[in-house]
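Here's a quick walk through a two-chain model. Have the sequence and the coordinates open as you read.

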Amino acid sequence: MDWALLTEWTIKSLALILALLGGFAYLTLFERKVLARFQVRIGPNRAGPFGILQPVADGIKLIFKEELIPAKADKIIFILAPIITVVPALVIMAVVPFGPAIQLFGRTISLQIVELNVGVLYIMAIASISVYGIVLAGWSSNNKYATLGGIRSSAQMISYELALGLAFTGPILLTSSLSLSEIVEAQRGIWFVLYQPVGAFIFWISTLAEVNRAPFDMPEAEQELTAGYHTEYSGMKFALFFMAEYIKMIAVSAIAVTLFFGGYRGPFVDQVPLLGPIYFLLKVVGFLFLMVWVRATLPRIRYDRLMAFGWKILFSLALGNAMLTALGILLADAFQNPIWLWSIPLMTIAFFLLVVYWMRGSIAGGNR
Amino acid sequence: MNADFVLFGGLAIVTVLSALGMLFSRNAVYSALYLIFNFSTVAVFYLMLSAPFIALAQITVYAGAIMVLFLFVIMLLGAEQTGRTPPTWWMQPLALTLAAILILEGIYLIFTHRTSFPALQQTLGDFGDPLQIGELMFSNYLLAFEAVALLLLVAVIGAIFLSRGRKFR
């Protein structure tokens with residue numbers, strides 16, 4: 001093992017984790033500010049100029065809160081559950097490239113922790129693991145609201161994982177590689193969202209469900225379940241769940257940017273590699289804004305409709321999208337002309353409209 | 001005594017202990033958790049055999065999707081506590097006998113064929129690459145692949161048929 005390489009990895013991992021934790025702290029402030037603006041309020045503005053010290057104040061408050069463990073809780077799992085929730089959220093970003101390789105101290109350093117030839121599968125594996133923390137938190141609390149929240153979240157995550165996995169196939173087929181850096185390089189000319197408008201849409205909706213964001217925040221629907229799976233958690237253990245949710249928001253935005261919106265690519269990145277991370281950050285912040293916007297706009301949807309939407313509409317759309325993408329690539333191959341790739345968006349959008357028209361009664365009202 | 005051997009030994013101990021933990025936990029949720037742990041360590045074995053695709057598929061499918069369903073059912077039914085006695089008297093002796101036969105067979109095979117596992121060395125390298133697996137699946141093993149696909153399709157249709165709504169009965 002090369003020591004320089006080991007040091008490089010350690011520094012990059014530390015930098016990523018610190019960036020994610022700092023990003024989490026300021027994402028909470030960002031969300032509160034933006035939500036306040038949507039509701040014609042000012043938002044937090046007391047701690048420091050423009051409230052920029054608010055996350056610090058929140059953190060100090062949470063650290064000094066009393067930690068309760070319910071008497072009949074399963075203690076080991078109750079303590080492990082927040083940790084199991086946070087770790088996947090932190091490690092999922094390891095395969096996402098932030099920028100092109102840069103020259104530093106005479107070494108070529110790629111701005112990506114590991115280049116994995118099965119990067120997309122890695123993301124799917126970690127995403128499928130990340131449900132356990134929430135389920136176990138709900139079960140170990142020995143509280144019926146918490147258990148219900150945990151069971152709901154597992155059902156929801158299993159259902160939307162299917163559509164999410166199928167949405168991944170679009171960029172994979174277009175690149176014919178599972179490596180994320182190759183997917184980014186393949187978007188040098190054109191962003192995949194133009195070839196895959198429906199795929200990006202499905203990806204976006206199912207990631208909202210995967211990270212339990214509004215309007216899919218069923219596991220913590222406060223009117224029905226008080227606080228869902230984290231009802232019994234307080235202090236830093238609660239903060240860990242909170243942290244996991246916001247870090248997952250950042251992570252899924254970064255993955256969406258990488259798969260569909262050209263990753264770190266943008267004008268002049270080849271000349272000035274350091275522009276790469278800046279473009280990447282700007283795109284991620286755009287997606288985070290979109291998430292807060294959705295939360296400010298849409299009400300939570302009812303649980304049975306959430307499942308019906310996931311299985312009847314999103315899943316069928318994702319299956320059709322994967323098939324039509326493959327068909328478009330075959331056409332482009334058969335005619336030896338990449339212009340045929342543009343048949344993919346045409347076909348998928350037509351299919352999208354067809355499904356939406358056909359299924360219009362099955363979600364809002366109508367027979368279930 | 002190289003690094004690979006130490007890695008393998010440590011992992012093997014973890015795998016066996018988690019399997020035993022799965023068997024002997026009284027609480028079904030703990031059993032499920034041990035099984036998840038066991039599946040993940042098996043995934044690491046695949047990584048050591050330079051088959052990253054299979055390793056990550058193992059985590060996604062087994063440790064992820066299937067075990068979430070197990071946990072879901074255990075929690076939904078509230079079946080965490082298992083009874084002390086097995087349901088039928090002949091199950092335990094039968095299981096022990098079968099396990100003993102399997103272990104003896106495994107030991108016999110390893111010691112007689114110790115030097116003749118020719119396939120293993122050849123398949124290393126970029127065998128586990130997703131590209132290679134895809135090519136093999138759609139060329140050499142196309143028939144088996146299609147048969148499995150058909151089987152899964154039949155299972156999906158069967159599940160939909162069994163859970164059909166009252167309207168269609």
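Among contacts in chain B between residues at least 6 apart in sequence, what percentage join residues at least 24 apart? The figure is 55%, where a contact means two C-beta atoms, placed from the backbone, within 7 Å.

A word on ground rules. This is a predicted model, in which local features need pLDDT of at least 70 and side-chain atom pairs count only at pLDDT 80 or more, while totals for chains, interfaces and linings use all residues. Residues are numbered from 1 along each chain as its sequence is written, and chains are lettered from A and ligands numbered from 1 in the order in which they are written.

**Chain B.** The secondary structure here is 7 helices and 0 strands, with helices being DSSP runs of H or I, at least four residues, strands being E runs of at least two, and both numbered from the N terminus.

| Helix of chain B | Residues | Mean pLDDT |
|---|---|---|
| H5, the lowest | 118-123 | 52 |
| H7, the highest | 142-162 | 91 |

Chain B as a whole averages a pLDDT of 80, and 81% of the residues score at least 70. Where pLDDT is low, the predicted coordinates should not be read in detail. For the complex, the predictor gives an ipTM of 0.78 and a pTM of 0.83.

**Where the chains meet.** 17 residues of chain A are in contact with 17 residues of chain B. On the chain A side, H4 (119-129), H5 (131-140) and H6 (144-175) of chain A each give two or more residues, and H4(A) gives the most, with 6. By class, that side has 13 nonpolar, 4 polar and no charged residues; Ala, Val, Leu, Ile, Met, Phe, Trp, Tyr, Cys and Pro count as nonpolar, Asp, Glu, Lys and Arg as charged, and the others, Gly among them, as polar.

B:Leu56 is worth a look: leaving out residues up to four places away in sequence, B:Leu56 touches A:Val118, A:Leu121, A:Tyr122 and A:Ala125.

**Over in chain A.** A:Ala322 is found in helix H13 (residues 303-334) of chain A. A:Ala322 counts as buried because 21 other C-beta atoms lie within 10 Å.

Technical notes. Buried ≥ 20, exposed ≤ 12 C-beta atoms within 10 Å, placed from the backbone. pLDDT = per-residue confidence, 0-100.
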